[in-house]
Amino acid sequence: MFLFVRLESEFIEKIVGDVLNKLHAMSSSHTTGLFGIDVRIHKVEFLLNMESQDVLIVGLWGMGGIGKTTIAEAVCNKVCSRFEGIFVANFRQELKARPMADLQRSFLSQLLGQEILKMGSLSFRDSFVRDRLCRKMVFIVLDDVDDLMPLEEWKELLHGRHSSFGPGSKVLITSRDKQVLNNIVDETYEVERLNYEEALQLFSSKALKNCIPTIDHRDLIKRIASHVQGNPLALIVLGSSLCGKSPEEWYSALNKLAQNPRIENALRISYNGLDQEQQSIFLDIAHFFRKFEQNQATRILDGFYGRPVIFDISTLIDKCLITTSRNMLEIHDLLQEMAFSIVHAESKFPGKRSRLCHLTDVVHVLEENKVKVEVFRYLLFSALTY
């Protein structure tokens, strides 16, 4: 009799748990206002193979503002009720704010409970910690990871994923550097830009709320959506800032989009992570080699820098600062504007800047004969592109 009651109790508990999981999934997948995100969530879930007992790590890769964090958090919110432990952290921000040891303690306390902290100083290599972790099915989000080199214990934990975590555990790692993900993840999802219709919907929802657009607004919405090229952060920030503004103010904002502090900060992170010469090569490509055949641009840059630059160009691609399409170098409009802004900030006098991006500046510098020596090297690039 006791056995029957126990089995019945376990059966009812299983049914209740299954119902709660379904209800949670239905509520947490409600992503009103996040246009296009449901398709992207589904793709990540597919790569995670949620029904599998395999311990899988999936990377989300893309440029700043493309929606990596939003997608990772949405997936976590949708599936978290299936797991026994959840850990979510923005690595880059966390490691700026506190020591690595504090982040590890937070990780262990969230996954194993506060009582683990009473054990004193523990590391991921501790057999007690390993024994506890490998018994729990956990979901982990490591957001904005820009460098795995200082994270030796984390790397060991992830590399030994099948013995580190319980069956069915899943890990999401977001990064704007593909090389960070290459040696650690099972699958990488390159987060796509919003398509044209999704971009129109997202921008309109922020800029117009429930208002009906005027003819002027409709034309501007199309121009802005095209210019931003499906970057959700730019669409949200710009749309919110233009709500209630006149068409004239919309025109003005479009001309200085990349200078918005939130957008600029998101875009500058990858650029700041380059060494000085890679930064220079990025600025060269942004100013002179957009839509150039990659091999041709590489040969010119090889000659200019006096060495092969193929590794540096590969690094720029891995960090989502440039792309290639049909072997042509391409760059997002916002990133090109950022590059122009970086060079423009060097001096208010065109002749004292390292590069000249506008034909009028080139003409002015040559006519006035006021130019620093370095610029002469770049006049060749200008001649090639005009």
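Quick housekeeping. What you're looking at is a predicted model, where local features need pLDDT of at least 70, side-chain atom pairs count only at pLDDT 80 or more, and totals for chains, interfaces and linings use all residues. Residues are numbered from 1 along each chain as its sequence is written, and side-chain values use heavy atoms, with hydrogens and water left out.

Back to E264. Which residue does E264 form a salt bridge with? That's R268, with the closest N and O atoms 3.9 Å apart. By salt bridge I mean a side-chain nitrogen of Lys or Arg within 4 Å of a carboxyl oxygen of Asp or Glu. E264 and R268 are separated by about one helical turn, because they sit four residues apart in helix α14 (residues 261-272). Helices here are DSSP runs of H or I with at least four residues, strands are runs of E with at least two, and both are numbered from the N terminus. R268 is partly exposed too, at 24%.

How many salt bridges does the structure hold? It has 18. One of them joins D186 and R161, with the closest N and O atoms 2.7 Å apart. This one links distant parts of the chain: D186 is in the loop between α9 (178-182) and β5, while R161 is in helix α8 (residues 161-164), 25 residues away. Is R161 buried or exposed? R161 counts as buried, at 8% relative accessibility, while D186 is partly exposed at 34%.

Now the sheet. Five strands make an open sheet, in the order β2-β3-β4-β1-β5, with parallel pairing. The edge strands, β2 (85-90) and β5 (187-190), each pair on one side only. Two strands count as paired if DSSP finds at least two bridges between them. From one strand to the next, the twist averages 15°. Strand β1 (residues 56-61) is joined to β5 by four bridges, and W61 stands opposite E190 in β5. Helix α3 (residues 68-79) packs on this sheet, touching β1, β2, β3 (138-143) and β4 (170-175), and its direction makes about 170° with that of β3. Contact means heavy atoms within 4.5 Å. As for the angles, axes are lines fitted to C-alpha atoms, for helices over the stretch in contact, and angles run from 0 to 180 degrees between N-to-C directions.

On to the rings. There are eleven aromatic pairs in the structure. One of them is F87 with F107, edge-to-face, 4.9 Å centre to centre with 75° between the planes. Rings of Phe, Tyr and Trp (its six-membered ring) pair if their centres lie within 6.5 Å; planes under 30 degrees apart are stacked, over 60 edge-to-face, and the rest tilted. F87 is buried at 0%, and F107 is buried at 1%. Ring pairs also link F87, F91, F107, F124 and W154 into a cluster.

Most residues other than glycine have a negative phi. C320 isn't a glycine, yet its phi is positive, about 65°. Where is C320 found? Look in the loop between α17 (310-318) and β6 (323-325). N327 also has a positive phi, near 65°, and lies in the loop between β6 and β7 (328-330).

Methods: Buried means under 20% relative accessible area, exposed over 50%, partly exposed in between (1.4 Å probe, protein chains only).
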